[in-house]
Amino acid sequence: MKKEDIQAMAFMIISYAGSAFDHFYKSIECARKGKFDNAEDEMALGREDLKKAHESQTDMLSAETKNEDIPFSMIMTHAQDHLTMAILTERMAQEFVCLYKERGEDRKNG
């Protein structure tokens with residue numbers, strides 16, 4: 001695998017992970033406003049992009065398991081950071097959406 005191939009995969013991961021992060025953040029904003037259907041829609045869109053980012057990562061990992069030489073790329077390191085942050089943001093966004101829903105229910109019942 002050439003360094004250019006690794007960099008192309010990295011840019012795919014950065015793009016999809018960045019988009020996923022945006023959707024997850026928007027889901028929190030929607031939940032804060034009580035727009036829970038919109039929040040769930042944003043979560044779903046984010047998960048689709050996160051899946052695409054994972055697929056790009058999997059292509060590279062598969063190549064390495066086949067003993068292909070994978071050249072070091074600082075861009076790929078950056079991409080992995082983006083992917084990790086998107087995964088963390090997904091988990092946190094889901095928690096925030098749940099908390100805002102519970103808070104809304106408590107206000108109705110309180």
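Biologist: At what angle do the axes of helix α1 and helix α2 cross?

Modeller: Helices are DSSP runs of H or I, at least four residues, numbered from the N terminus. Axes are lines fitted to C-alpha atoms over the stretch in contact, with angles from 0 to 180 degrees between N-to-C directions. Here α1 (residues 3-32) and α2 (residues 36-65) cross at roughly 165°, and their axes come within 8 Å. Over 145 degrees counts as roughly antiparallel, so α1 is roughly antiparallel to α2.

Biologist: What should I know about the model itself?

Modeller: This is a predicted model; local features need pLDDT of at least 70, side-chain atom pairs need 80 or more, and totals for chains, interfaces and linings use all residues. Residues are numbered from 1 along each chain as its sequence is written, and side-chain values use heavy atoms, without hydrogens and water.

Biologist: Is Ser56 buried or exposed?

Modeller: Buried means under 20% relative accessible area, exposed over 50%, partly exposed in between (1.4 Å probe, protein chains only). Ser56, in helix α2, has 8% and so counts as buried. Contact means heavy atoms within 4.5 Å. Leaving aside neighbours within four places in sequence, Ser56 contacts Met9, Met12 and Ile13.

Biologist: And Leu99?

Modeller: Leu99 lies in helix α3 (residues 74-109). At 49%, Leu99 is partly exposed.

Terms used: Helix = DSSP H or I, 4+ residues; strand = E, 2+ residues; numbered from the N terminus. Parallel < 35°, antiparallel > 145°, perpendicular 65-115°, else oblique.
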